[in-house]
Amino acid sequence: MSHPLTGIIVAMQEELEVILQSLVNERTVHRAGMDFHVGHYAGRPVVAVICGVGKVNAALCSQILISEFHITQLINIGVAGGLGHAIKPGDLVIADSLVQHDMDLSPLGLERGQLFRLDVFDFKTDERLLELARQAAIHIAQHDHFIGRIVTGDQFIANPDQAKALHEHFSALACEMESASIAQVCYLNQVPFICIRSISDNANTGAHMDFTQFTPIAVANVSTLLQVMIPLCDPVSIVA
């Protein structure tokens, strides 16, 4: 018997380093310009990787995790811009659904964000992983956490008008550049997925945090979340 293999995609080298410090029996596999670190974290088998910026990098990385490493669930932790007015730098947003905001086939009569000939509009995260992420976020007492939609696009959103439009059109709490494409790959492969993002700024309110101030917070959040989540991520054992 063995535990399910969990894939972990992070955004920053600093976030990966805090995982590697606790990774036991590590080996590194290099694929498509990315280093996949295989080992045991908090007593469970994991594969941790930085996917790089943008939807193509994120989708490629996710498919490698699924096809080559045969992960059974995927956790994405990274950085995002806040869109909801109550969300402050340092807070966490846990996605319950994800949409690609830059997908626009409206001339074909499709709603903005709808992918061509796909049977869903948004990609729902796994209910079990969502609850585990919520439980883990409670341990981060110094910052609030929110559950809602995150939108993804190959654009860095810094304009307040753009941020307001995304919030109003998609009812989104945060925006970033990878997670909806990860969610799409997981949906097509029927792999449970969760996305948790640390908020570095809020274009709606003008609130932001200096990178040198924000990075230790994001790293601490990653460490706390994973230490709590990973041991709980296997409700049943599977045959090796």
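Author: Start with a definition: a residue is buried when its relative accessible area is under 20%, and exposed when that area is over 50%. This is a predicted model. At 1% relative accessibility, Cys233 therefore counts as buried. Cys195 is buried too, because its relative accessible area is 0%.

Now the pairing. A disulfide is a covalent bond between the sulfur atoms of two cysteines. Here the cut-off for such a pair is 2.5 Å between the sulfur atoms. By this rule the count is 0 disulfides. Cys195 is in none, and the cysteine sulfur nearest to its own belongs to Cys51, 11 Å away. Cys233 is also in no disulfide; for Cys233 the nearest cysteine sulfur is that of Cys186, at 13 Å.

Next, the chain around them. Buried residues make up 54% of its 240 residues. The protein chain holds 6 helices and 11 strands. The C-alpha atoms fill a box of roughly 50 × 40 × 30 Å along the principal axes. Of the contacts between residues at least 6 apart in sequence, 77% join residues at least 24 apart.

Last, surface and charge. The accessible surface comes to about 10,500 Å², and carbon and sulfur atoms account for 55% of that surface. The chain carries 13 positive and 25 negative charges, and their mean positions are 5 Å apart.

Notes: Residues numbered from 1 in each chain as written. Predicted model: local features only at pLDDT ≥ 70, side-chain atom pairs only at ≥ 80, totals over all residues. Heavy atoms only, no water. Helix = DSSP H or I, 4+ residues; strand = E, 2+ residues; numbered from the N terminus. Buried < 20%, exposed > 50% of the residue type's maximum accessible area, 1.4 Å probe, protein only. Contact = heavy atoms within 4.5 Å. Areas by Shrake-Rupley, 256 points an atom, 1.4 Å probe, with all protein chains shown as cover. Lys, Arg positive; Asp, Glu negative; His and termini not counted. Charge placed at Lys NZ, Arg CZ, Asp CG, Glu CD.
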